[in-house]
Amino acid sequence: MAHSASSTQPAARHAADADPSVGALVQSAMADVSTLIRAEIELAKAEVSRSAKKAGISVALFAVAGVLLAFAGIYLFVTLAEFFTWLGLARWVSYLIVTVGLLLVAAVAGFIGLRMLKKIDKPERTMESLRELPDVMHREEPGQRRRALPTVSNGRVERRSPDSYLV
């Protein structure tokens with residue numbers, strides 16, 4: 001008899017394990033999802049950390065290249081001035097020609113940059129939505145709230161009639 005009682009006890013445990021309650025299943029699923037999310041976050045951190053390190057090194061190398069290019073430009077302009085001197089101009093005239101040339105190129109680049117800057121469109125939709133922000137934040141009683149909600153279609157924002165929307 002002792003033998004039969006001991007054999008039914010593991011079978012009962014096995015049956016209980018085979019049919020866990022809904023709460024246990026939900027708890028298990030939530031734990032699995034939580035573990036999965038944590039693992040994904042850790043993976044993202046590792047990838048972003050690695051990418052950020054590579055990006056930082058790349059930016060530093062571009063900065064070094066830019067500084068060296070600036071120094072090379074200085075020597076190029078000195079060489080150009082010395083070439084004008086070799087052609088027979090006085091040294092001060094040669095350097096003056098190079099300096100005026102650089103100032104002219106800088107002025108043209110600045111003028112073109114200014115014209116391009118003036119052509120940039122203002123973010124009209126963003127400015128409009130920011131102007132409307134105080135109205136949106138105003139709390140009204142539920143069921144009494146009427147606002148025209150914007151809709152976006154083909155990149156254009158359109159407002160609906162206030163009568164078509166009631167919260």
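Which residues does the UniProt annotation "transmembrane region" cover? In the unreviewed entry, that annotation takes in residues 59-80 and 92-117. The structure examined here is a predicted model, and the two annotated stretches can be followed in it one after the other. Residues 59-80 are 100% helix and 0% strand, with 31 Å between the C-alpha atoms at the two ends. Residues 92-117 are likewise 100% helix and 0% strand, and here the end C-alpha atoms stand 37 Å apart.

The protein chain holds 5 helices and 2 strands, and from the N terminus its elements follow the order α-α-α-α-α-β-β. The chain has 167 residues, of which 4% count as buried. Among contacts with a separation of 6 or more, 15% join residues 24 or more positions apart.

Attention then turns to the pair α2 and α3. Two packed helices are described by the angle between their axes and the distance between the axes. Helix α2 spans residues 22-86, and its axis comes within 8 Å of that of α3, with a crossing angle of roughly 135 degrees. Because angles over 145 degrees would be needed for roughly antiparallel and 65 to 115 for roughly perpendicular, α2 is classed as oblique to α3. The crossing of α2 past α3 is right-handed. On the α2 side, the contact is made by Phe77, Val78, Leu80, Ala81, Glu82, Phe84 and Thr85; α3 contributes Arg91, Ser94, Tyr95, Ile97, Val98 and Leu102.

Serine 94 sits in helix α3, which runs over residues 91-118. Is this serine buried or exposed? Its relative accessible area is 0%, and since buried means under 20%, serine 94 is buried. Beyond its neighbours within four places in sequence, serine 94 is in contact with Ala81, Phe84, Thr85 and Leu89.

Note on methods: Residues numbered from 1 in each chain as written. Predicted model: local features only at pLDDT ≥ 70, side-chain atom pairs only at ≥ 80, totals over all residues. Heavy atoms only, no water. UniProt positions renumbered as here; feature names shortened; annotations may be inferred. Helix = DSSP H or I, 4+ residues; strand = E, 2+ residues; numbered from the N terminus. Buried < 20%, exposed > 50% of the residue type's maximum accessible area, 1.4 Å probe, protein only. Contact = heavy atoms within 4.5 Å. Axes fitted to C-alpha atoms, helices over the stretch in contact; angles between N-to-C directions. Parallel < 35°, antiparallel > 145°, perpendicular 65-115°, else oblique. Left-handed = near helix turned anticlockwise from the far one by under 90°.
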